[in-house]
Amino acid sequence: MANKTRQIALVGILGALALALSWLESLIPAFPLLPPGAKPGLSNIVTMFAVSTLNPAYALFIVLIKAAFAGITRGLTAFLMSLCGGLMSLPAMWLLLKKFRKNPFGLVGTGICCALAHNLGQLIAATVITDTLTIVGYAPALLVFGVATGIVTGCIFKAVSPLLIKTNKFFVRKSDDNQEMKE
């Protein structure tokens, strides 16, 4: 029971960190040639950590809280885009960080795959919201942007993972077998 409480405390801290990163990203001006609201996805580093060390339900909670925050601060469209992107990238994270014994892409490749899955979810949401397929014209730019931002988030995740794992020991007991992150 004490370990469950520690995990919930960790999820609270991770949720707050994801919201802080999401807010900081909202201060970044729009990138030329990309849809409005395209951001680097730094808060996805937190979700990747949650997937790699905790139960996927906790990572889903972080995705949901990030979407709710986007909705509260930027409106319904931002909520739907964040939600659809997060729900598409979460299974990719889970497969690459938890399901495969040896991640074939490493943490940087995982960052790229998750960014591309997130962009796909957002394209689907945008197509439904606008009720037009012309939005798919952004796909090539989002592909390039997704690879670039995936590299950045993957590199940051790789760099901070040892520190996060070390900090994680205060919240999750070693017996959880979730301590080791596979490269």
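Helices here are DSSP runs of H or I with at least four residues, numbered from the N terminus. The model is predicted: local features need pLDDT of at least 70, side-chain atom pairs count only at pLDDT 80 or more, and totals for chains, interfaces and linings use all residues. Residues are numbered from 1 along each chain as its sequence is written, and side-chain values use heavy atoms, with hydrogens and water left out.

The patch lies on the surface and consists of M88, L120, I124 and V128, with about 360 Å² of accessible area together. Such areas come from the Shrake-Rupley method with a 1.4 Å probe, and for residues only the protein chains shown count as cover. A patch is built from residues with over 30% relative accessible area and no salt bridge; nonpolar side chains (Val, Leu, Ile, Met, Phe, Trp, Tyr) are joined within 5 Å, and like charges within 9 Å. A salt bridge, in turn, is a side-chain nitrogen of Lys or Arg within 4 Å of a carboxyl oxygen of Asp or Glu. An α-helix has 3.6 residues a turn, so residues three or four places apart point the same way.

M88 belongs to helix α4, residues 76–99. Its relative accessible area of 32% makes M88 partly exposed; buried means under 20%, exposed over 50%, and partly exposed in between, with a 1.4 Å probe and protein chains only. A92 is also placed in helix α4, but A92 counts as buried because its relative accessibility is 17%. Beyond its neighbours within four places in sequence, A92 is in contact with C114 and A117, where contact means heavy atoms within 4.5 Å. The C-alpha atoms of A92 and R74 are 26 Å apart, although 18 residues separate the two along the chain.

The interior comes next. In soluble globular proteins, nonpolar side chains tend to be buried together. In this model the largest nonpolar core has 23 residues, and those with the most contacts inside it are L14, L54, I62, M93, L97 and F157. A nonpolar core is a set of buried Ala, Val, Leu, Ile, Met, Phe, Trp, Tyr and Cys residues joined through side-chain atoms within 4.5 Å. Two or more residues come from each of α1 (2–26), α2 (44–53), α3 (56–74), α4 and α5. The most come from α2, which gives six. Helix α2 is mostly covered, with 10 of its 10 residues buried. As for L97, not counting residues up to four places away in sequence, it touches M48, V51, S52, N103, L107, T110 and F157.

How many disulfides are there? A disulfide is a pair of cysteine sulfur atoms within 2.5 Å, and by this rule the count is zero. For C84, the nearest cysteine sulfur is that of C114, 16 Å away; C84 is partly exposed, at 27% relative accessibility. For C113, the nearest cysteine sulfur is also that of C114, at 6.7 Å, and C113 is partly exposed at 26%.

Finally, D131 lies in the loop between α5 and α6 (139–168). Its phi is near 55°, a positive value in a residue other than glycine. D131 counts as exposed because its relative accessibility is 71%.
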